[in-house]
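Subject: Structure handover

Hello,

Here is the structure I said I would pass on. My notes on it follow below.

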Amino acid sequence: MKGAGWLDAALEATVVGGFSRLGYAARSRMFDWPADPDLTGLRVLVTGGTSGLGFAAANRLANAGARVAISGRDQARLDDAADRIGAGAARPVTTRADAGELDEVARSFHEAVAGLGGLDVVINNAGALTHDYRTTSQGYEQTFAVHVLGPFLLTELAIPQIGAHGRIITVASGGMYSERLDPATMQMTREDYDGVAAYARAKRVQVSLNAQWALRLPDGPVFAAMHPGWADTPGVQDSLPGFRRITAPILRTPDQGADTAVWLTYAQVPTGQFWLDRRPRSTVRIPGRGADPKDAERAFHEVADMVAAYGPEAEVAASLPTIEA
Ligand SMILES: NC(=O)c1ccc[n+]([C@@H]2O[C@H](COP(=O)([O-])OP(=O)(O)OC[C@H]3O[C@@H](n4cnc5c(N)ncnc54)[C@H](OP(=O)(O)O)[C@@H]3O)[C@@H](O)[C@H]2O)c1
(Lines give C-alpha, C1' and ligand atoms only; values in the text may rest on other atoms or scores of the structure.)
Protein backbone atom coordinates (compact mmCIF):
# COMPACT_ATOMS: atom_id res chain seq x y z
CA MET A 1 0.00 0.00 0.00
CA LYS A 2 1.30 3.47 -0.92
CA GLY A 3 2.36 5.40 2.19
CA ALA A 4 2.41 2.24 4.32
CA GLY A 5 6.02 2.78 5.38
CA TRP A 6 5.30 6.33 6.46
CA LEU A 7 2.19 5.33 8.42
CA ASP A 8 4.04 2.43 10.04
CA ALA A 9 6.85 4.75 11.12
CA ALA A 10 4.34 7.27 12.48
CA LEU A 11 2.60 4.54 14.52
CA GLU A 12 5.95 3.32 15.82
CA ALA A 13 7.00 6.82 16.86
CA THR A 14 3.91 7.35 19.01
CA VAL A 15 4.26 4.16 21.13
CA VAL A 16 0.52 4.14 21.92
CA GLY A 17 -0.33 3.93 18.23
CA GLY A 18 2.20 1.19 17.55
CA PHE A 19 1.78 -0.93 20.67
CA SER A 20 -2.02 -0.82 20.90
CA ARG A 21 -4.62 -2.61 18.84
CA LEU A 22 -4.66 0.42 16.53
CA GLY A 23 -1.15 -0.46 15.37
CA TYR A 24 -2.10 -4.07 14.81
CA ALA A 25 -5.26 -3.13 12.92
CA ALA A 26 -3.48 -0.66 10.64
CA ARG A 27 -0.47 -2.84 9.89
CA SER A 28 -2.43 -6.03 9.30
CA ARG A 29 -4.42 -4.14 6.66
CA MET A 30 -1.66 -2.16 4.98
CA PHE A 31 1.08 -4.82 4.82
CA ASP A 32 1.05 -8.08 2.97
CA TRP A 33 -0.34 -10.20 5.83
CA PRO A 34 -0.88 -13.77 4.62
CA ALA A 35 -2.80 -16.34 6.65
CA ASP A 36 -0.82 -19.20 8.18
CA PRO A 37 0.24 -21.94 5.78
CA ASP A 38 -0.38 -25.60 6.56
CA LEU A 39 2.09 -26.29 9.39
CA THR A 40 1.71 -30.06 9.44
CA GLY A 41 5.01 -31.60 10.49
CA LEU A 42 6.23 -28.58 12.47
CA ARG A 43 6.98 -29.39 16.14
CA VAL A 44 6.86 -26.43 18.51
CA LEU A 45 7.45 -26.06 22.25
CA VAL A 46 5.63 -23.03 23.69
CA THR A 47 6.64 -22.16 27.24
CA GLY A 48 3.89 -20.49 29.26
CA GLY A 49 1.26 -22.11 27.06
CA THR A 50 -1.54 -22.17 29.63
CA SER A 51 -2.67 -18.55 29.35
CA GLY A 52 -2.60 -15.30 27.41
CA LEU A 53 -0.19 -15.05 24.50
CA GLY A 54 1.31 -18.51 24.92
CA PHE A 55 -2.08 -20.18 24.81
CA ALA A 56 -3.12 -18.07 21.81
CA ALA A 57 0.08 -19.04 19.96
CA ALA A 58 -0.24 -22.73 20.83
CA ASN A 59 -3.90 -22.78 19.80
CA ARG A 60 -3.22 -21.13 16.46
CA LEU A 61 -0.21 -23.33 15.69
CA ALA A 62 -2.14 -26.49 16.56
CA ASN A 63 -5.05 -25.40 14.40
CA ALA A 64 -2.65 -24.84 11.48
CA GLY A 65 -1.50 -28.45 11.82
CA ALA A 66 1.62 -28.11 13.98
CA ARG A 67 2.35 -30.53 16.82
CA VAL A 68 2.64 -28.42 19.94
CA ALA A 69 3.99 -28.93 23.43
CA ILE A 70 3.05 -26.46 26.14
CA SER A 71 4.76 -25.93 29.47
CA GLY A 72 3.73 -24.15 32.65
CA ARG A 73 3.97 -24.54 36.41
CA ASP A 74 0.76 -26.38 37.13
CA GLN A 75 -0.44 -29.65 35.64
CA ALA A 76 -4.14 -28.86 36.16
CA ARG A 77 -3.75 -25.59 34.24
CA LEU A 78 -1.85 -27.43 31.51
CA ASP A 79 -4.59 -30.04 31.22
CA ASP A 80 -7.23 -27.32 31.07
CA ALA A 81 -5.31 -25.47 28.33
CA ALA A 82 -4.89 -28.70 26.37
CA ASP A 83 -8.66 -29.25 26.63
CA ARG A 84 -9.29 -25.76 25.25
CA ILE A 85 -7.16 -26.19 22.12
CA GLY A 86 -9.59 -26.11 19.22
CA ALA A 87 -11.41 -29.26 18.21
CA GLY A 88 -9.81 -30.84 15.15
CA ALA A 89 -6.29 -29.93 16.27
CA ALA A 90 -4.02 -32.55 17.83
CA ARG A 91 -4.03 -32.38 21.62
CA PRO A 92 -0.79 -30.73 22.77
CA VAL A 93 1.85 -32.49 24.78
CA THR A 94 1.94 -31.00 28.27
CA THR A 95 5.04 -30.72 30.41
CA ARG A 96 5.31 -29.09 33.79
CA ALA A 97 8.18 -26.69 34.52
CA ASP A 98 8.87 -23.48 36.34
CA ALA A 99 10.91 -21.51 33.80
CA GLY A 100 13.25 -20.27 36.52
CA GLU A 101 14.08 -23.72 37.91
CA LEU A 102 16.86 -25.09 35.72
CA ASP A 103 16.40 -28.76 36.58
CA GLU A 104 12.70 -28.50 35.74
CA VAL A 105 13.48 -26.72 32.46
CA ALA A 106 15.87 -29.51 31.42
CA ARG A 107 13.45 -32.29 32.34
CA SER A 108 10.61 -30.52 30.58
CA PHE A 109 12.69 -30.04 27.42
CA HIS A 110 13.33 -33.79 27.21
CA GLU A 111 9.66 -34.56 27.86
CA ALA A 112 8.63 -32.19 25.08
CA VAL A 113 11.08 -33.71 22.59
CA ALA A 114 9.95 -37.23 23.51
CA GLY A 115 6.28 -36.29 23.29
CA LEU A 116 6.62 -34.49 19.96
CA GLY A 117 9.05 -36.99 18.44
CA GLY A 118 11.61 -34.21 17.85
CA LEU A 119 11.59 -30.44 17.87
CA ASP A 120 11.82 -27.62 15.32
CA VAL A 121 10.88 -24.43 17.16
CA VAL A 122 10.98 -23.12 20.72
CA ILE A 123 8.89 -20.13 21.70
CA ASN A 124 10.35 -18.79 24.95
CA ASN A 125 7.20 -17.06 26.14
CA ALA A 126 6.75 -17.88 29.85
CA GLY A 127 7.02 -14.78 31.95
CA ALA A 128 5.49 -12.49 34.51
CA LEU A 129 5.94 -9.09 36.08
CA THR A 130 6.38 -9.93 39.75
CA HIS A 131 6.19 -7.11 42.29
CA ASP A 132 7.77 -8.92 45.22
CA TYR A 133 11.34 -10.15 45.51
CA ARG A 134 11.76 -13.92 45.34
CA THR A 135 14.60 -16.30 44.61
CA THR A 136 14.71 -19.66 42.87
CA SER A 137 15.93 -22.82 44.57
CA GLN A 138 19.39 -22.05 43.15
CA GLY A 139 19.36 -18.60 44.75
CA TYR A 140 18.84 -16.51 41.61
CA GLU A 141 16.43 -13.57 41.64
CA GLN A 142 13.25 -14.97 40.16
CA THR A 143 12.42 -12.41 37.44
CA PHE A 144 15.94 -12.78 36.05
CA ALA A 145 15.86 -16.57 36.32
CA VAL A 146 12.46 -16.95 34.64
CA HIS A 147 13.14 -14.63 31.70
CA VAL A 148 16.88 -15.11 31.23
CA LEU A 149 18.40 -18.24 32.82
CA GLY A 150 15.62 -20.72 32.03
CA PRO A 151 15.24 -19.59 28.41
CA PHE A 152 19.02 -19.60 27.97
CA LEU A 153 19.24 -23.19 29.18
CA LEU A 154 16.31 -24.17 26.97
CA THR A 155 18.04 -22.51 24.01
CA GLU A 156 21.27 -24.39 24.72
CA LEU A 157 19.46 -27.69 24.94
CA ALA A 158 17.39 -26.97 21.83
CA ILE A 159 20.19 -25.89 19.48
CA PRO A 160 21.64 -29.38 18.84
CA GLN A 161 18.13 -30.81 18.66
CA ILE A 162 16.56 -28.37 16.18
CA GLY A 163 19.64 -27.91 14.01
CA ALA A 164 20.23 -25.14 11.49
CA HIS A 165 16.66 -25.26 10.16
CA GLY A 166 15.15 -24.62 13.59
CA ARG A 167 14.04 -21.44 15.28
CA ILE A 168 14.29 -19.95 18.74
CA ILE A 169 11.69 -17.24 19.28
CA THR A 170 11.70 -15.02 22.34
CA VAL A 171 8.64 -13.13 23.53
CA ALA A 172 10.23 -10.00 24.97
CA SER A 173 8.52 -6.71 25.80
CA GLY A 174 8.44 -3.08 24.73
CA GLY A 175 9.08 -2.45 28.42
CA MET A 176 12.73 -3.21 27.72
CA TYR A 177 13.09 0.15 25.94
CA SER A 178 13.27 1.85 29.33
CA GLU A 179 16.41 -0.01 30.44
CA ARG A 180 20.03 -0.05 29.31
CA LEU A 181 21.85 -3.37 29.31
CA ASP A 182 24.17 -3.39 32.30
CA PRO A 183 25.79 -6.78 32.98
CA ALA A 184 26.52 -5.71 36.56
CA THR A 185 22.89 -5.13 37.47
CA MET A 186 20.99 -7.70 35.37
CA GLN A 187 19.84 -9.28 38.62
CA MET A 188 18.30 -6.98 41.21
CA THR A 189 18.87 -7.53 44.92
CA ARG A 190 16.36 -7.78 47.75
CA GLU A 191 17.31 -4.22 48.75
CA ASP A 192 16.81 -2.55 45.35
CA TYR A 193 14.14 -4.82 43.88
CA ASP A 194 11.49 -3.06 41.82
CA GLY A 195 9.29 -5.42 39.81
CA VAL A 196 8.77 -3.12 36.84
CA ALA A 197 12.49 -2.34 36.53
CA ALA A 198 13.49 -5.98 37.07
CA TYR A 199 11.07 -7.05 34.35
CA ALA A 200 12.30 -4.39 31.90
CA ARG A 201 15.93 -5.31 32.58
CA ALA A 202 15.26 -9.00 32.07
CA LYS A 203 13.52 -8.24 28.77
CA ARG A 204 16.46 -6.05 27.69
CA VAL A 205 18.78 -8.97 28.44
CA GLN A 206 16.56 -11.31 26.41
CA VAL A 207 16.75 -9.06 23.36
CA SER A 208 20.50 -8.66 23.70
CA LEU A 209 21.01 -12.43 24.04
CA ASN A 210 18.89 -13.01 20.96
CA ALA A 211 21.30 -10.89 18.89
CA GLN A 212 24.32 -12.50 20.55
CA TRP A 213 23.17 -16.02 19.73
CA ALA A 214 22.63 -14.98 16.11
CA LEU A 215 26.15 -13.51 15.91
CA ARG A 216 27.62 -16.76 17.19
CA LEU A 217 25.52 -19.06 15.00
CA PRO A 218 24.97 -17.09 11.78
CA ASP A 219 24.14 -20.22 9.78
CA GLY A 220 21.21 -21.12 11.98
CA PRO A 221 19.00 -21.76 13.74
CA VAL A 222 17.08 -18.52 13.27
CA PHE A 223 16.97 -16.42 16.44
CA ALA A 224 14.10 -13.96 16.66
CA ALA A 225 12.93 -11.78 19.54
CA MET A 226 9.59 -10.03 19.28
CA HIS A 227 7.35 -7.90 21.40
CA PRO A 228 3.61 -8.31 21.36
CA GLY A 229 2.61 -4.71 21.90
CA TRP A 230 0.04 -4.34 24.69
CA ALA A 231 -2.35 -7.28 24.89
CA ASP A 232 -5.20 -7.90 27.30
CA THR A 233 -4.08 -11.08 29.04
CA PRO A 234 -4.47 -12.47 32.56
CA GLY A 235 -0.83 -11.47 33.10
CA VAL A 236 -1.53 -7.79 32.41
CA GLN A 237 -4.77 -7.92 34.40
CA ASP A 238 -2.96 -9.33 37.45
CA SER A 239 0.32 -7.42 37.39
CA LEU A 240 -0.71 -4.03 35.99
CA PRO A 241 -4.38 -3.46 36.97
CA GLY A 242 -4.07 0.35 36.84
CA PHE A 243 -2.50 0.30 33.38
CA ARG A 244 -5.10 -2.17 32.22
CA ARG A 245 -8.01 -0.04 33.53
CA ILE A 246 -6.83 2.97 31.55
CA THR A 247 -5.80 1.19 28.36
CA ALA A 248 -8.47 -1.54 28.18
CA PRO A 249 -10.25 -0.14 25.10
CA ILE A 250 -7.07 -0.10 23.05
CA LEU A 251 -5.38 -3.30 24.21
CA ARG A 252 -4.80 -6.01 21.66
CA THR A 253 -6.47 -9.38 21.93
CA PRO A 254 -4.14 -12.23 22.94
CA ASP A 255 -4.36 -13.53 19.35
CA GLN A 256 -3.20 -10.18 18.01
CA GLY A 257 -0.37 -10.02 20.55
CA ALA A 258 0.76 -13.54 19.64
CA ASP A 259 0.54 -13.02 15.88
CA THR A 260 4.17 -12.15 15.21
CA ALA A 261 5.48 -15.02 17.35
CA VAL A 262 3.38 -17.46 15.33
CA TRP A 263 4.39 -15.87 12.03
CA LEU A 264 8.06 -16.15 13.02
CA THR A 265 7.74 -19.94 13.25
CA TYR A 266 7.51 -20.19 9.46
CA ALA A 267 8.25 -16.84 7.74
CA GLN A 268 11.52 -16.38 5.83
CA VAL A 269 13.26 -13.90 8.10
CA PRO A 270 16.86 -12.88 8.85
CA THR A 271 18.30 -14.06 12.15
CA GLY A 272 19.01 -11.89 15.20
CA GLN A 273 16.27 -9.29 14.73
CA PHE A 274 13.67 -7.79 17.08
CA TRP A 275 10.11 -7.78 15.68
CA LEU A 276 6.73 -6.18 16.18
CA ASP A 277 3.83 -6.73 13.81
CA ARG A 278 5.86 -8.75 11.32
CA ARG A 279 8.48 -6.03 10.82
CA PRO A 280 11.97 -5.69 12.35
CA ARG A 281 12.15 -2.86 14.88
CA SER A 282 14.86 -0.83 16.52
CA THR A 283 16.04 -2.10 19.91
CA VAL A 284 16.59 1.47 21.14
CA ARG A 285 14.03 4.22 21.60
CA ILE A 286 15.70 6.30 24.29
CA PRO A 287 19.26 7.45 23.58
CA GLY A 288 21.72 5.72 25.94
CA ARG A 289 19.27 2.93 26.79
CA GLY A 290 20.42 0.13 24.56
CA ALA A 291 23.16 -2.48 24.63
CA ASP A 292 26.79 -1.52 24.17
CA PRO A 293 28.48 -4.34 22.18
CA LYS A 294 31.05 -5.04 24.93
CA ASP A 295 28.31 -5.16 27.56
CA ALA A 296 26.29 -7.48 25.33
CA GLU A 297 29.28 -9.82 24.99
CA ARG A 298 29.89 -9.73 28.75
CA ALA A 299 26.26 -10.35 29.58
CA PHE A 300 26.20 -13.36 27.27
CA HIS A 301 29.21 -14.89 29.02
CA GLU A 302 27.91 -14.15 32.50
CA VAL A 303 24.57 -15.77 31.74
CA ALA A 304 26.31 -18.71 30.03
CA ASP A 305 28.51 -19.19 33.10
CA MET A 306 25.53 -19.16 35.47
CA VAL A 307 23.74 -21.73 33.35
CA ALA A 308 26.88 -23.84 32.89
CA ALA A 309 27.29 -23.93 36.66
CA TYR A 310 23.96 -25.73 36.71
CA GLY A 311 25.32 -28.88 35.16
CA PRO A 312 26.79 -30.86 32.32
CA GLU A 313 23.84 -30.53 29.97
CA ALA A 314 24.55 -26.84 29.45
CA GLU A 315 27.69 -26.64 27.42
CA VAL A 316 26.74 -25.27 24.00
CA ALA A 317 27.45 -21.62 24.81
CA ALA A 318 30.87 -22.42 26.23
CA SER A 319 31.90 -24.03 22.95
CA LEU A 320 30.92 -21.05 20.78
CA PRO A 321 33.42 -18.50 19.48
CA THR A 322 33.81 -15.17 21.23
CA ILE A 323 32.58 -12.20 19.23
CA GLU A 324 34.93 -9.26 18.94
CA ALA A 325 32.99 -6.21 20.08
N1 LIG B 1 0.37 -9.13 27.50
C2 LIG B 1 1.18 -8.15 27.12
O3 LIG B 1 0.76 -7.03 26.77
C4 LIG B 1 2.65 -8.40 27.09
C5 LIG B 1 3.46 -7.32 26.69
C6 LIG B 1 4.82 -7.53 26.61
C7 LIG B 1 5.37 -8.77 26.89
N8 LIG B 1 4.55 -9.78 27.29
C9 LIG B 1 5.19 -11.09 27.57
O10 LIG B 1 4.42 -12.10 27.02
C11 LIG B 1 4.62 -13.33 27.74
C12 LIG B 1 3.27 -13.90 28.08
O13 LIG B 1 2.59 -13.02 28.95
P14 LIG B 1 1.02 -12.92 29.02
O15 LIG B 1 0.67 -11.49 28.97
O16 LIG B 1 0.39 -13.87 28.06
O17 LIG B 1 0.78 -13.39 30.54
P18 LIG B 1 -0.12 -14.55 31.20
O19 LIG B 1 -1.48 -14.51 30.66
O20 LIG B 1 0.05 -14.37 32.66
O21 LIG B 1 0.60 -15.88 30.75
C22 LIG B 1 1.87 -16.17 31.25
C23 LIG B 1 2.21 -17.60 30.94
O24 LIG B 1 3.53 -17.81 31.44
C25 LIG B 1 3.50 -18.86 32.38
N26 LIG B 1 4.42 -18.56 33.46
C27 LIG B 1 4.49 -17.44 34.22
N28 LIG B 1 5.50 -17.55 35.10
C29 LIG B 1 6.07 -18.75 34.88
C30 LIG B 1 7.14 -19.45 35.44
N31 LIG B 1 7.85 -18.96 36.48
N32 LIG B 1 7.45 -20.65 34.95
C33 LIG B 1 6.75 -21.20 33.96
N34 LIG B 1 5.71 -20.60 33.36
C35 LIG B 1 5.38 -19.39 33.84
C36 LIG B 1 2.07 -18.98 32.87
O37 LIG B 1 1.81 -20.33 33.17
P38 LIG B 1 1.34 -20.87 34.61
O39 LIG B 1 0.79 -19.70 35.40
O40 LIG B 1 0.29 -21.87 34.27
O41 LIG B 1 2.56 -21.46 35.19
C42 LIG B 1 1.31 -18.57 31.63
O43 LIG B 1 1.13 -19.67 30.78
C44 LIG B 1 5.46 -12.94 28.96
O45 LIG B 1 6.81 -13.25 28.72
C46 LIG B 1 5.28 -11.44 29.04
O47 LIG B 1 6.38 -10.82 29.65
C48 LIG B 1 3.22 -9.62 27.40
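Contact here means heavy atoms within 4.5 Å. This is a predicted model, in which local features need pLDDT of at least 70 and side-chain atom pairs count only at pLDDT 80 or more, while totals for chains, interfaces and linings use all residues. Residues are numbered from 1 along each chain as its sequence is written, and side-chain values use heavy atoms, with hydrogens and water left out.

I start with Thr50. This residue sits in the loop between β1 (43-47) and α4; helices (H or I, at least four residues) and strands (E, at least two) are DSSP runs, numbered from the N terminus. Leaving aside residues up to four places away in sequence, Thr50 touches Phe55, Gly72, Arg77, Leu78, Ala81 and Arg84. With one of these, Arg77, the side chain of Thr50 makes a side-chain polar contact at 3.3 Å. A polar contact is a pair of N or O atoms within 3.5 Å; within protein, one must be able to donate a hydrogen and the other to accept it, and residues adjacent in sequence count only if both atoms are side-chain atoms. Thr50 has a relative accessible area of 10%, so it counts as buried (under 20%, with a 1.4 Å probe and protein chains only).

Next, the ligand. Its shell has 29 residues, and the closest are Ser51, Arg77, Tyr199, Ala231 and Thr233; a residue belongs to the shell if one of its heavy atoms lies within 4 Å of the ligand. By class, 13 of the shell residues are nonpolar, 12 polar and four charged, with Gly counted as polar and Asp, Glu, Lys and Arg as charged. At least two shell residues come from each of α4 (52-63), α8 (195-216) and α9 (234-239). The largest share, three residues, is that of α9.

A backbone N or O atom of Asn125 is 2.7 Å from a ligand oxygen atom, and for Ala231 the distance is 2.7 Å. The protein buries 92% of the 880 Å² that the ligand exposes when taken alone (Shrake-Rupley method, 1.4 Å probe).

Last, some strands, which pair if DSSP finds at least two bridges between them. β6 (residues 222-226) and β7 (residues 273-276) run parallel and are joined by three bridges; Met226 has Trp275 as its bridge partner in β7. β7 pairs with β8 (residues 279-280) in the antiparallel sense over two bridges, and Leu276 stands opposite Arg279. Two residues lie between the strands of this hairpin, where Asp277 takes a positive phi near 50°.

Regards

Key: Buried < 20%, exposed > 50% of the residue type's maximum accessible area, 1.4 Å probe, protein only.
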